[in-house]
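Hi there,

I'm passing along the structure we talked about.

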Amino acid sequence: MSSQSPVRRITVPAFRARKGGEPIVALTAYDVATARLADPHVDLLLVGDSLGMVVYGMDTTLGVTLDMMAAHGAAVVRGSRRALVVIDMPFGSYEQGPAQAFASASRLLAQTGAQAVKLEGGVAMAETIAFLVRRGIPVCAHVGLTPQAVNVLGGFRVQGRDRSGWPIIEADARAVAEAGAFAVVVEGVAEPLARRLTEIVSIPTIGIGASAQCDGQILVTEDMLGLTEHVPSFVRRFADAGSRFDGAFAAYAAAVRDRSFPALEETYAAR
Ligand code: KIV
């Protein structure tokens, strides 16, 4: 960051106070370049464990480690100065109990400079969330389709299409809000349920594959830029960056092959 650009981030309490107000804008980021470009436009940058799939080509997020999250989280903090930076706790780093979660979360915040962690789960995670918050670690919760539970859910399945499943997800959302989470990601749930969750909890809901009535929206940046091959139907591609990259790579390859690159002005003269 240049010395003329002071770091003035949206704080966790200011973010929490956005409930019911102007929609919150959030995106994922895993690197400095993306963080720099997105930062002026968003309220929240999430260093999501989706990086396992997007950056590392894994099939699920289950293989993501604390070391991976720490390295990418530090890059995103270096590349941003305005957005609230939240970092995902990877699978296996918090589910054992509050003490394990505190050790992992404190390490992530200390090593990256991110302001908050995100973890998946509702009622089952409420005690852990309360433990972290009481010890100074802000937590964003994540309910509905929780990708780390892919093996329990039997796939990346939309939740709450059937109204009989609503009470469990409503209880999850209530539990994380009461435990002190400052916001909750609501992923992959039927639209009316996402709307209902937004009505019943006192903290901002951030939807992904959820409802325009959530307090905000998040997308995986590479999905909305058109850089990933297969995207779910809820993703709107706001750009076709994949084609732009392809064109640039082809132009570079051609210029190297016909020796038009580098040109004279792109080479160093001898003194
Ligand atoms: O890991 C991630 O990118 C996420 C978002 C999809 C919310 O959790």
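In which strand does G144 lie? The answer is β5, which spans residues 139-144. Do keep in mind as you read that this is a predicted model.

Staying with that glycine for a moment, G144 counts as buried because its relative accessibility is 14%, below the 20% cut-off. Setting aside neighbours within four places in sequence, G144 is in contact with Q159, I169, E187 and V189. L84 sits 60 residues away from G144 along the chain, and the C-alpha atoms of the two are 23 Å apart.

Next, the nonpolar cores. The largest one has 59 residues, and L45, I87, M89, V117, L119, I129 and V186 have the most contacts inside it. Helix α8 (residues 166-179) supplies the largest share of this core, with seven residues. Another core, of 17 residues, lies apart from it and includes C140, F182, V185 and I206.

Helix α4 (residues 66-78) and helix α5 (residues 98-112) have axes that come within 8 Å and cross at roughly 35 degrees. The crossing of α4 past α5 is right-handed. On the α4 side, L66, D67, M69, A70, G73, A74 and V77 make the contact, while α5 contributes S104, R107, L108, Q111 and T112. Sorted by class, that contact has six nonpolar, four polar and two charged residues.

Definitions and conventions:
Residues numbered from 1 in each chain as written. Predicted model: local features only at pLDDT ≥ 70, side-chain atom pairs only at ≥ 80, totals over all residues. Heavy atoms only, no water. Core = buried A, V, L, I, M, F, W, Y, C linked by side-chain atoms within 4.5 Å. Buried < 20%, exposed > 50% of the residue type's maximum accessible area, 1.4 Å probe, protein only. Helix = DSSP H or I, 4+ residues; strand = E, 2+ residues; numbered from the N terminus. Contact = heavy atoms within 4.5 Å. Axes fitted to C-alpha atoms, helices over the stretch in contact; angles between N-to-C directions. Left-handed = near helix turned anticlockwise from the far one by under 90°. Nonpolar A, V, L, I, M, F, W, Y, C, P; charged D, E, K, R; others polar.
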